[in-house]
Amino acid sequence: MATTSPESATQNMPDRSTSILVRFTAAPEVTTEQYDETIRRLEKSGEWLPEGLEFHVAFKSDGNFRVSEIWDSQKQLDAFGERLMPILKDVGIELTGKPEVLEIHNMLTR
């Protein structure tokens with residue numbers, strides 16, 4: 001299975017400056033240890049937390065490791081994706097397909 005990049009999610013996105021919700025599903029064999037190693041490498045390189053990332057949550061659902069994020073724009077996600085993908089490949093993380101990208105209408109916080 002080929003690793004899928006965040007850039008592949010740009011189809012059907014009318015406005016690259018609109019806030020977006022992005023949902024990634026990793027291949028079933030991806031572990032929390034691989035995720036933790038990815039975050040360690042991003043922190044060590046100074047790439048974490050990236051510009052434009054408002055919210056990040058990682059969890060297991062139906063046996064798959066998942067990540068949901070809120071980004072200020074598709075452009076910022078794409079820029080980070082270019083730096084993230086080599087790390088994911090090196091750690092051995094593959095996605096099940098293209099990430100789901102949804103335009104945010106409204107977001108409330110406490």
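**The core and its surroundings**

Modeller: In the largest nonpolar core, which has 24 residues, Val22, Leu42 and Trp71 are the ones that touch the most other members. By nonpolar core I mean a set of buried Ala, Val, Leu, Ile, Met, Phe, Trp, Tyr and Cys residues joined through side-chain atoms within 4.5 Å; buried is under 20% relative accessible area, exposed over 50%, and partly exposed in between, with a 1.4 Å probe and protein chains only. Two or more residues each come from β1, α1 (32-45), β3 (64-71) and α2 (74-91), and α2 gives the largest share, seven residues. Those labels are DSSP runs numbered from the N terminus: helices are H or I with at least four residues, strands are E with at least two.

Before going on: this is a predicted model, where local features need pLDDT of at least 70 and side-chain atom pairs count only at pLDDT 80 or more, while totals for chains, interfaces and linings use all residues. Residues are numbered from 1 along each chain as its sequence is written, and side-chain values use heavy atoms, with hydrogens and water left out.

Back to Leu42: leaving aside neighbours within four places in sequence, Leu42 is in contact (heavy atoms within 4.5 Å) with Glu47, Trp48, Phe80, Leu84 and Ile87. Thr38 sits in helix α1 and is buried, at 4% relative accessible area. Not counting residues up to four places away in sequence, Thr38 touches Leu84, Ile87, Leu88, Val91 and Ile93.

Now the helix pair. Gln34, Glu37, Thr38, Arg41 and Leu42 in α1 meet Phe80, Leu84, Ile87, Leu88, Asp90 and Val91 in α2. The two helices pack at about 130°, with axes 10 Å apart; axes are lines fitted to C-alpha atoms, for helices over the stretch in contact, and angles run from 0 to 180 degrees between N-to-C directions. α1 and α2 are therefore oblique to each other, given that under 35 degrees counts as roughly parallel, over 145 as roughly antiparallel, 65 to 115 as roughly perpendicular and the rest as oblique.

As for the sheet, four strands make an open one, ordered β2-β3-β1-β4 with antiparallel pairing; strands pair if DSSP finds at least two bridges between them. β2 (53-61) and β4 (100-103) are at the edges with a single partner strand each, so one side of each has no neighbour in the sheet. Neighbouring strands are turned by 15° against each other on average, direction ignored. Four bridges join β1 (residues 20-25) to β4, and Ile20 stands opposite Glu103 in β4.
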